Amino acid sequence: MGSVKIELRGDLARVMIDNPPVNALGQAVRQGLLQAAVDLAGRAGVKAVVLGCAGRSFVAGADIRELGKPPAEPFLPDVLAAIEAAPVPWVAAIHGTALGGGLEVAMACHGRVAGAQAKLGLPEVTLGIIPGSGGTVRLPRLVPMAEAIALVTLGKPIGAGQALAIGLIDRLTEADVIAAAEALALELVAQGAPHPTLARDLLAGAPIDWAAEEAALRKRSRGAAAPLEALAALRLAAEAPAPEAMAAERARFLRLAASPEAAALRHIFFAERAAGKGLRIDGAVPADLARVGVIGGGTMGAGIATALLLSGSAVHLIERDAAAATAARGRVADTISGSVKRGAISQQQGDAALARLSTGEDYAALADCPLVIEAVFEDMAVKRQVFERLDAVMPADAILATNTSYLDVNVLAAATRDPSRILGLHFFSPAHVMKLLEVVRGDATGSRALATGAALARRLGKVAVVAGVCDGFIGNRVMAAYRRDCEFMLEEGALPQQIDAAMEAFGFAMGIYAVQDMSGLDIAWAQRKARAATRPASERYARIADRLCEAGRLGRKTGKGWYDYAGGSARPDPDVERIILDESARAGRTRRAFSGDEIMARVLRIMQAEGRAILAEGIAESAADIDVVMVTGYGFPRHKGGPMFMAAAG
Ligand code: COA
Ligand code: NAD
């Protein structure tokens with residue numbers, strides 16, 4: 001039977017799935033499970049069945065590679081119907097993760113036991129689909145509807161403790177999960193004929209205001225269809241007989257699996273896992289990351305230090321003087337206590353993380369850090385000096401990284417004796433939250449430095465994308481290009497609030513002007529000034545942003561930027577409109593109206609053109625990497641798959 005085996009142990013049977021790496025429910029596994037259900041139903045001596053998995057995890061879901069194709073028999077709902085109808089109880093023994101179809105399998109069993117570290121969830125909406133094998137119908141028969149709504153519409157897995165508390169599993173064990181499942185199976189045998197989940201009543205719970213749920217979800221989903229479809233499926237499960245709800249769920253699942261949204265989300269799923277493959281170089285041993293040095297403890301340095309501390313590393317942070325070091329420690333402490341307050345980590349974990357932080361001014365204290373990351377001011381002279389000082393004190397095999405946004409990594413590398421150990425590690429703000437890490441490969445960056453970038457990303461739970469050296473690497477370069485074109489649109493007749501509204505309607509979390517105000521207008525201003533001398537006089541250049549900066553409008557931090565923040569929220573500002581009209585006139589433009597669609601089409605066109613240039617120059621390793629950067633670092637709606645995916649899809 002290949003990937004599914006039956007082991008008989010007296011009057012108990014074990015059905016073991018073995019389909020590395022994550023026991024996905026490919027056709028062969030479905031076939032094997034069905035066969036096992038049929039075989040065991042016919043065996044007189046078997047009292048109960050435990051369903052478990054080999055390897056690192058219980059079933060992690062449907063085989064995503066099969067999802068875009070026409071389904072092949074046997075279909076999972078039929079396999080689960082056979083398990084549920086078994087004459088003897090089946091108990092799922094869950095270790096690792098039970099996700100999507102994996103959790104649906106477990107829910108079709110008559111009992112569920114999970115290891116203490118297990119994670120359970122229905123992440124289908126993150127792939128543009130909904131559970132398609134009875135998940136939305138069985139789940140509210142095991143857990144209260146409010147919990148079912150959260151699990152299915154958000155797609156976020158929960159831990160075994162929470163799963164036990166809401167009724168998703170029957171037992172949690174710190175010991176052997178198969179043995180615990182066998183114990184439960186024997187108890188179920190003593191209770192008589194197995195009780196199918198589908199035959200249970202819906203759990204009584206607080207009444208659900210479906211309209212309010214839908215309104216909140218619509219806002220949160222930013223145009224993605226699957227979460228709303230998932231909610232509709234649950235509503236039907238609440239209001240219709242189980243067979244009707246099952247049939248409707250399956251129809252929705254099949255329709256969604258063939259949708260462009262699901263194709264886009266599958267693309268990003270695999271693109272994230274393929275990203276950074278070029279960093280994993282055979283034989284290259286990464287630097288040890290148990291102790292890492294950070295230079296500069298401002299917004300980024302403190303964020304990077306926090307991310308490292310939370311990953312278990314010790315951090316030594318260097319600042320300019322004692323007062324700045326104290327301020328940096330305060331920033332790290334505030335961020336960590338924010339994570340404790342949000343419940344992301346315990347107080348004890350927070351205290352332990354902060355205890356791993358040391359600060360100072362003396363570079364000599366960095367000598368035992370195999371990796372040092374600098375995040376000082378975005379100024380070449382300051383950064384060069386930092387690298388020269390590091391070069392003088394660091395052991396020859398230490399890896400030295402810069403978090404620069406735009407500066408030339410090759411020039412920094414040239415300030416040191418051995419440029420093979422220099423690379424860019426471009427984090428995004430807030431660094432302990434954002435998933436993206438651009439690993440910038442300089443001309444001379446060596447394999448050990450690259451392997452260290454990959455190891456760091458893995459340790460911090462980030463997606464690493466390789467970028468070559470250019471102005472802005474991948475993400476900031478694409479952003480600079482469309483930001484520039486947005487300013488041309490301002491000159492031609494649009495207003496910042498219209499461009500932001502068009503981007504939000506497309507699915508961006510924020511428009512480009514709200515983003516600029518949040519992160520500050522000064523770094524890009526400095527970059528434009530640095531380029532001014534070499535900018536050809538014939539090149540079109542909009543001066544609107546420069547005029548804002550000259551007026552001291554640097555974004556939220558100064559109370560004003562593209563918007564006015566007096567009163568707390570962003571309001572369009574007549575002063576900004578005056579500057580825009582003035583610059584339109586100066587540039588000799590006749591202002592005209594822009595529709596949201598026209599704005600967004602133009603933004604996309606520019607993103608795609610810059611993406612193609614980046615690929616042609618070898619700055620990015622693949623078009624999919626550019627999509628990963630835009631989706632994980634720049635708020636591009638995930639369910640659209642990224643600009644390059646959209647270009648290829650036509
Ligand atoms: N179908 C096909 N392949 C899958 C898969 C699935 N459901 N889940 C994971 N894989 C593959 C990955 O592509 C990766 O392949 P690669 O090594 O060739 O790149 C490999 O399995 C390991 O996955 P990865 O995500 O790198 O491992 P991890 O240990 O970090 O995470 C999971 C494991 C299961 C938590 C994670 O892979 C996951 O969330 N998978 C998707 C689960 C899901 O959404 N299921 C519902 C489907 S409807
Ligand atoms: P910041 O001004 O908040 O912090 C810079 C810190 O560096 C300050 O605390 C300063 O005291 C310290 N510093 C300056 N010179 C130093 C020196 N010689 N030795 C030790 N410490 C020194 O700036 P930031 O926003 O954190 O940016 C830091 C770097 O990160 C820049 O290169 C920037 O381009 C890059 N970056 C910023 C962002 C962002 O969103 N802010 C995102 C990615 C990358």
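**Around ligand 2**

Analyst: In this predicted model, an N or O atom in the side chain of Lys383 lies 2.6 Å from an oxygen atom of ligand 2. Taken alone, ligand 2 exposes 830 Å², and the protein buries 84% of that area. Glu378 also makes a polar contact with ligand 2: a polar atom of its side chain is 2.5 Å from an oxygen atom of the ligand. With Val376 the contact involves the backbone instead, where a polar atom is found 3.4 Å from an oxygen atom of ligand 2.

These contacts belong to a shell of 25 residues that surround ligand 2. Lys383 and Glu378 are among the closest, together with Met300, Glu319 and Ser405. Sorted by class, the shell has eleven nonpolar, nine polar and five charged residues. Which elements supply at least two residues each to the shell around ligand 2? They are helix 13, residues 299-310, and helix 16, residues 380-393. Helix 16 gives the largest share, which is three residues.

The surroundings of ligand 1 can be read in the same way. Arg273 takes part through its side chain, with an N or O atom 2.7 Å from an oxygen atom of ligand 1. Ligand 1 exposes 870 Å² when taken alone, and 69% of that is buried by the protein. Strand 5, residues 97-99, and helix 12, residues 260-274, are the elements that give two or more residues to the shell around ligand 1. The largest share, three residues, comes from helix 12.

In total, 20 residues surround ligand 1. Ala60, Ala62 and Arg273 are among the closest, and so are Arg56 and Ile64. By class, this shell has twelve nonpolar, three polar and five charged residues.

Strand 4 covers residues 90-94, and five of its five residues are buried. In a regular strand, side chains alternate between the two faces of the sheet. Here Trp90, Ala92 and Ile94 are on one side, Val91 and Ala93 are on the other, and all are buried. Strand 4 also has pairing partners. Strand 3, residues 48-53, runs parallel to strand 4 and is joined to it by three bridges. Strand 6, residues 111-115, is also parallel to strand 4, and four bridges join these two. Ala92 takes part in both pairings: Leu51 stands opposite Ala92, and Ala92 stands opposite Arg112 in strand 6.

Finally, some loops have backbone details to note. In the loop between strand 2 (12-17) and helix 1 (27-41) lies Pro21, and the peptide bond from Pro20 to Pro21 is cis. Asn23 is in the loop between strand 2 and helix 1 as well. Its phi is positive, near 55 degrees, although Asn23 is a residue other than glycine. Is Asn23 buried or exposed? Its relative accessibility is 2%, so Asn23 counts as buried. Another cis peptide bond joins Ser429 and Pro430, with omega about -5 degrees. Pro430 sits in the loop between strand 15 (422-426) and strand 16 (436-441).

Key
Residues numbered from 1 in each chain as written. Chains lettered and ligands numbered in written order. Predicted model: local features only at pLDDT ≥ 70, side-chain atom pairs only at ≥ 80, totals over all residues. Heavy atoms only, no water. Near = heavy atom within 4 Å. Polar contact = N/O pair within 3.5 Å; in protein donor to acceptor, adjacent residues only side chain to side chain. Areas by Shrake-Rupley, 256 points an atom, 1.4 Å probe, with all protein chains shown as cover. Nonpolar A, V, L, I, M, F, W, Y, C, P; charged D, E, K, R; others polar. Buried < 20%, exposed > 50% of the residue type's maximum accessible area, 1.4 Å probe, protein only. Pairing = 2+ DSSP bridges.
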